[in-house]
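Reader: I am new to this structure. Could you show me how to read its features one by one?

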Amino acid sequence: MTLTYIFHSGFALETRQSILIFDYWHDPSGCLPDVLKKAKPVYVFSSHFHEDHFNREIFEWKEQREDITYILSKDILRHRRAVKEEADVWLGKGGSWNDENISVWASGSTDSGVSWIVEVEGKRIFHAGDLNNWYARFLPDAVPGQTIYSEEFEEYIDPIAHEKQYLGELKDIRKMTDGFDIVMFPIDGRIGNGYTLGGRQFIQRFKVGLFVPMHFVASGFESSWRFSEFTEKINVPLWKISKEGERIEV
């Protein structure tokens, strides 16, 4: 398989028989046209409606070829970012779908939409979408049952309840599988101290063949490399992405 980093949380995974594209937003390096020219069926995933995970430009690809299957989170429909006829499959948490090439399960998120579990050609893939322990930096000062005002998020938040939700989502995923060959997960330095905590909690609970950081566009490539400090301790390979359009054989 060949995994290509497109941008932010966007990836293209080319297998022997198909192409999977996750959470497309932008393509700064111009790598996607070559991917879309390949004579393999294409599956396009969008985990939720936020503009950095869903771009309506994906529907224009249908003009280039007909063998595209759109698998989208139901919250995109609820927020009227698309109409029902534009996608082939709409999934919420707990939903599943399969054809002769891939099997898909929609797992939960601590933000909008879903995360994705995909089985393809004997490999199990995880794309987290916006599943993460986003408020980790507030945990040291948090008091159970009390909220904290975050100027960054412009709202009152309950970090302890949020972490409990996050760990609950991981528990639900653990009921389906104990490991993944590839994991694409947010390692976002912009959320401050503890930005690696969600990833650490993930790799403590699952066997991981390759950990792929994402969602780091605002804090820079090297901010995501710091996660190697934790993956190396348990012999999990980390892809240290250094540019848009970069590829790795997996």
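Reader: Which residues in α3 meet which residues in α4?

Author: A note before that. This is a predicted model, where local features need pLDDT of at least 70, side-chain atom pairs count only at pLDDT 80 or more, and totals for chains, interfaces and linings use all residues. Residues are numbered from 1 along each chain as its sequence is written, and side-chain values use heavy atoms, with hydrogens and water left out.

Author: Now the general idea. Helices (H or I, at least four residues) and strands (E, at least two) are DSSP runs, numbered from the N terminus. Contact means heavy atoms within 4.5 Å. Here, α3 brings Glu 163, Tyr 166, Leu 167, Leu 170 and Arg 174. They meet Leu 197, Gly 198, Gly 199, Gln 201, Phe 202 and Arg 205 in α4. By class, this contact of α3 with α4 has five nonpolar, three polar and three charged residues. Ala, Val, Leu, Ile, Met, Phe, Trp, Tyr, Cys and Pro count as nonpolar; Asp, Glu, Lys and Arg are charged; the others, Gly among them, are polar.

Reader: At what angle do α3 and α4 pack?

Author: Axes are lines fitted to C-alpha atoms, for helices over the stretch in contact, and angles run from 0 to 180 degrees between N-to-C directions. For α3 (residues 159-174) and α4 (residues 197-205), the angle is about 30°, and the axes are 11 Å apart. That makes α3 roughly parallel to α4. The cut-offs: under 35 degrees is roughly parallel, over 145 roughly antiparallel, 65 to 115 roughly perpendicular, and the rest oblique.

Reader: Is Leu 13 buried or exposed?

Author: Buried means under 20% relative accessible area, exposed over 50%, and partly exposed in between (1.4 Å probe, protein chains only). Leu 13 is at 0%, so it counts as buried. Its place is in strand β2 (residues 10-14).

Reader: What does Leu 13 contact, leaving aside its neighbours within four places in sequence?

Author: The contacts of Leu 13 include Met 1, Leu 3, Ile 19, Ile 125, Ile 182 and Val 250. Take Ile 125. Leu 13 and Ile 125 are 112 residues apart in sequence, and their C-alpha atoms are 9.8 Å apart in space.

Reader: Which residues have the most contacts inside the largest nonpolar core?

Author: A nonpolar core is a set of buried Ala, Val, Leu, Ile, Met, Phe, Trp, Tyr and Cys residues joined through side-chain atoms within 4.5 Å. The largest has 53 residues, and Phe 45, Trp 116, Phe 126, Phe 202 and Phe 211 have the most contacts inside it. Another core, of 25 residues, lies apart from it, with Phe 7, Cys 31, Phe 49 and Ala 82 among its residues.

Reader: What is the phi of Arg 80, which is not a glycine?

Author: Arg 80 has a positive phi of about 60°. Find Arg 80 in the loop between α2 (74-78) and β6 (89-91). At 77% relative accessibility, Arg 80 is exposed. His 215, not a glycine either, has a positive phi of about 65°. His 215 sits in the loop between β16 (211-214) and α5 (221-225). With a relative accessible area of 2%, His 215 is buried.

Reader: Where is Glu 244 found?

Author: Look in the loop between α6 (228-231) and β17 (247-249) for Glu 244. At 25% relative accessibility, Glu 244 is partly exposed. Beyond residues up to four places away in sequence, Glu 244 touches Tyr 5, Ile 6, Phe 7, Pro 28, Ser 29 and Phe 221.
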